[in-house]
Amino acid sequence: MLQIIYKSKASVPFAQPELHALLRIAQTHNRSKGITGMLVYHNGCFLQLLEGEEQVVLGLMTHIAADKRHHQLKIISQDMVTAREYDGWTMGFIDTADPRVRAYAGFQSACMNLDVLALNAVRAKIVLNSFRSFIPRED
């Protein structure tokens, strides 16, 4: 199974309704393709982990890379894994503008700068995993 973490910048900042529409589409698509993962949106930047069958995830990454709603896409890590880390989430989602997220004790250190996270796959994964408690499993 392939797991990819990437970051990108929104071409134009997303409003709440746009983010939620994007999330619904991603969840429906991912459910049909057996993809699981997590998406964090912070100050116009995306940090996303995707996992699933290798060819399916690579196909989705090709689609994501061509999406004009964001740019400066950078793969942080691309690894073959033996088990899903986000089983139960077709696409977990965190918008750091959410007051519940901002109240999280580790928020400032976790989301200071997604550009810095892009330099370190371990830190990116720590941030993604730290927000899992905010998101109910879908199963």
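The chain holds 6 helices and 5 strands; helices are DSSP runs of H or I with at least four residues, strands are E runs of at least two, and both are numbered from the N terminus. This is a predicted model, in which local features need pLDDT of at least 70, side-chain atom pairs count only at pLDDT 80 or more, and totals for chains, interfaces and linings use all residues. Residues are numbered from 1 along each chain as its sequence is written, and side-chain values use heavy atoms, with hydrogens and water left out.

Start with the order of elements. Along the sequence the pattern runs β-α-β-β-α-β-β-α-α-α-α.

Next, burial. Of the 139 residues, 46% are buried, meaning under 20% relative accessible area with a 1.4 Å probe, counting protein chains only. The accessible surface, from the Shrake-Rupley method with a 1.4 Å probe, comes to about 7200 Å². Carbon and sulfur atoms hold 57% of that surface.

In soluble globular proteins, nonpolar side chains tend to be buried together. Here the largest nonpolar core has 19 residues. Such a core is a set of buried Ala, Val, Leu, Ile, Met, Phe, Trp, Tyr and Cys residues joined through side-chain atoms within 4.5 Å. Tyr-41, Phe-46, Leu-50, Val-57 and Met-61 have the most contacts inside the largest core. Two or more residues each come from E1, helix H1 (16-33), strand E2 (36-42), strand E3 (45-52) and helix H2 (54-66). Another core, of 13 residues, lies apart from this one and includes Leu-47, Ile-76, Ile-94 and Val-127.

Now look at one residue in strand E1 (residues 2-10): Ser-8. Ser-8 is buried, with a relative accessible area of 1%. Its side chain makes a polar contact of 2.7 Å with the side chain of His-70; within protein, the term means a pair of N or O atoms within 3.5 Å, one able to donate a hydrogen and the other to accept it, and residues adjacent in sequence count only if both atoms are side-chain atoms. Beyond its neighbours within four places in sequence, Ser-8 touches Gly-44, Cys-45, Phe-46, His-70, His-71, Gln-72 and Leu-73.

How values were computed:
Buried means under 20% relative accessible area, exposed over 50%, partly exposed in between (1.4 Å probe, protein chains only). Contact means heavy atoms within 4.5 Å.
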